[in-house]
Amino acid sequence: MIEAKEKVYKIYRVLDEKKAFDVKILYIGELTTIADYFIIATGTSSTHVQALADEVEKKLGEEGIFVDHVEKDFASEWILMDYEDVVVHIFQQEAREFYSLERLWADAKEIVLDNRL
């Protein structure tokens with residue numbers, strides 16, 4: 001079974017390769033039992049948001065890592081992908097500002113990864 005940290009690295013790389021903006025990784029494992037990590041990213045349009053989610057699901061699926069649950073709004077302003085211990089939130093900019101997850105989870109530790117990982 002793959003560790004949460006390894007999932008985080010894989011998801012981060014996919015989002016980075018597909019040109020997601022402002023990708024943040026929050027370690028929430030000490031604050032809640034819903035997951036260990038949140039990954040928050042921004043797409044430039046509904047098409048980009050959907051493409052980011054599709055690519056994450058495809059690339060991880062190729063490695064035998066399957067999404068447990070996906071939620072999204074009709075206009076693809078946001079998509080949530082639940083990988084059990086890692087939850088991916090992909091937003092358009094306005095939706096990201098509206099939901100303000102970084103503010104809501106301000107006590108979480110931000111994990112900074114090098115783009116060359």
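I begin with D85, which sits in the loop between β4 and β5; helices (H or I, at least four residues) and strands (E, at least two) are DSSP runs, numbered from the N terminus. The model is a predicted one, in which local features need pLDDT of at least 70 and side-chain atom pairs count only at pLDDT 80 or more, while totals for chains, interfaces and linings use all residues. Residues are numbered from 1 along each chain as its sequence is written, and side-chain values use heavy atoms, with hydrogens and water left out.

The side chain of D85 makes a polar contact with the side chain of K7, at 2.7 Å. A polar contact is a pair of N or O atoms within 3.5 Å; within protein, one must be able to donate a hydrogen and the other to accept it, and residues adjacent in sequence count only if both atoms are side-chain atoms. Setting aside residues up to four places away in sequence, D85 touches A4, K7, A35, D36 and Y37, where contact means heavy atoms within 4.5 Å.

The loop between β4 and β5 also holds E84. Its phi is near 65 degrees, a positive value in a residue other than glycine. E84 is partly exposed, with a relative accessible area of 48%; here buried means under 20% relative accessible area, exposed over 50%, and partly exposed in between, with a 1.4 Å probe and protein chains only.

K19 likewise calls for comment. Although K19 is not a glycine, it has a positive phi of about 70 degrees. For context, most residues other than glycine have a negative phi. K19 lies in the loop between α1 and β1 (21-27), just after α1. At 60% relative accessibility, K19 counts as exposed.

Let me turn to the helices. The 14 residues of α1 should span 20 Å at 1.5 Å a residue, and the end C-alpha atoms are 20 Å apart, which agrees; the expected span is 1.5 Å times one less than the number of residues. Which residues of α1 are buried? They are A4, K7, V8, K10, I11, Y12, V14 and L15, and they pack against β1, β2, α2 and β5.

α2 has 17 residues and reaches 24 Å from its first C-alpha to its last, close to the 24 Å expected. Its buried residues are H48, V49, L52, A53, E55, V56, L60 and G61, and their packing partners are α1, β2, β4 and β5. Just after α2, G64 takes a positive phi of about 80 degrees.

Next, the interior. A nonpolar core is a set of buried Ala, Val, Leu, Ile, Met, Phe, Trp, Tyr and Cys residues joined through side-chain atoms within 4.5 Å. The largest such core has 25 residues, of which I11, L15, V56, M81, Y83, V86 and I90 touch the most other members. Two or more residues each come from α1 (4-17), β2 (37-43), α2 (46-62), β4 (78-82) and β5 (86-92), and α1 gives the largest share, 6 residues. Not counting residues up to four places away in sequence, L15 touches A20, V23, I39, A41, L52, V56 and I90. Apart from this core lies another, of 12 residues, including A35, F38, V87 and A95.

G43 is buried, with a relative accessible area of 4%. G43 and L15 are 28 residues apart in sequence and 9.5 Å apart in space, C-alpha to C-alpha. Leaving aside neighbours within four places in sequence, G43 is in contact with H48, V49, L52, F91, Q92 and Q93.
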